[in-house]
Amino acid sequence: MKLTLESIQLTVADLSDVAARHASAQELYSPTAPKPPVAQFGWRDRWWLNHSAAQQLVINYWFFQSPDEARTAADEGRPRLSARTVPKFGGRDSVYQPPPNEEHGLGDIVWQAGANFLFVRHTVVVLVAEIGGKIPAETTRHFARKILKKIDCALA
């Protein structure tokens, strides 16, 4: 199987356990835009869970030329994904930080901000995020793992 958006994108069937409705989709720029590395392709899907616009799940997919470009774009793009920051010695840093433990089971490199997960697997960067604080981290992590499994199947 080839690594394409269609091969890793979550579908209504993948989200059936949370009664998901696909609310919108749009093409995205790289998380580092306008600076390099520039994504070959970026896409955002917005879902409403449990028949409620109050429970929004947003999934961003970015494809890069190489694993190094994907890692760089994710790391350097973290500050652009949220205006929130955390204190860091000598200043502030993105709210997206390495998770406190390895239990996330996601990707090559992972950052977490509350219930939101940003991860890199091979040449793909994925952000699984909730809007509004209504979806628990276990749910977003569950769907992030489904995407990771699809990526691994496509790479096999």
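**Figure 1. Contacts of serine 94 in a predicted model.** Beyond its neighbours within four places in sequence, serine 94 is in contact (heavy atoms within 4.5 Å) with Arg78, Pro79, Arg84, Thr85 and Val86. Serine 94 belongs to strand 5, residues 91–94; strands (E, at least two residues) and helices (H or I, at least four) are DSSP runs numbered from the N terminus. At 3% relative accessible area, serine 94 is buried (under 20%, 1.4 Å probe, protein chains only). A polar atom of the serine 94 side chain lies 3.0 Å from the backbone nitrogen of tyrosine 96. The model is predicted, with pLDDT of at least 70 needed for local features and 80 or more for side-chain atom pairs, while totals for chains, interfaces and linings use all residues. Residues are numbered from 1 along each chain as its sequence is written, and side-chain values use heavy atoms, without hydrogens and water.

Figure 2. Six strands in the order 1-2-3-8-7-6 form an open sheet with antiparallel pairing (at least two DSSP bridges between paired strands). Strand 1 (21–27) and strand 6 (109–113) are at the edges; each has a single partner strand, so one side of each lacks a neighbour in the sheet. From one strand to the next the twist averages 15°.

**Figure 3. Strands 2 and 3.** Strand 2 (residues 41–49) and strand 3 (residues 52–63) run antiparallel and are joined by 9 bridges. Tryptophan 48 has glutamine 56 in strand 3 as its bridge partner.

**Figure 4. Helices on the sheet.** Helix 2 (residues 67–81) packs on the sheet and touches strand 3, strand 6, strand 7 (116–121) and strand 8 (124–131). The direction of helix 2 makes about 160° with that of strand 7; axes are lines fitted to C-alpha atoms, for helices over the stretch in contact, and angles run from 0 to 180 degrees between N-to-C directions. Helix 3 (residues 137–155) also packs on the sheet, touching strand 3, strand 6, strand 7 and strand 8, with its direction at about 15° to that of strand 7.

How values were computed:
Buried means under 20% relative accessible area, exposed over 50%, partly exposed in between (1.4 Å probe, protein chains only). A polar contact is a pair of N or O atoms within 3.5 Å; within protein, one must be able to donate a hydrogen and the other to accept it, and residues adjacent in sequence count only if both atoms are side-chain atoms.
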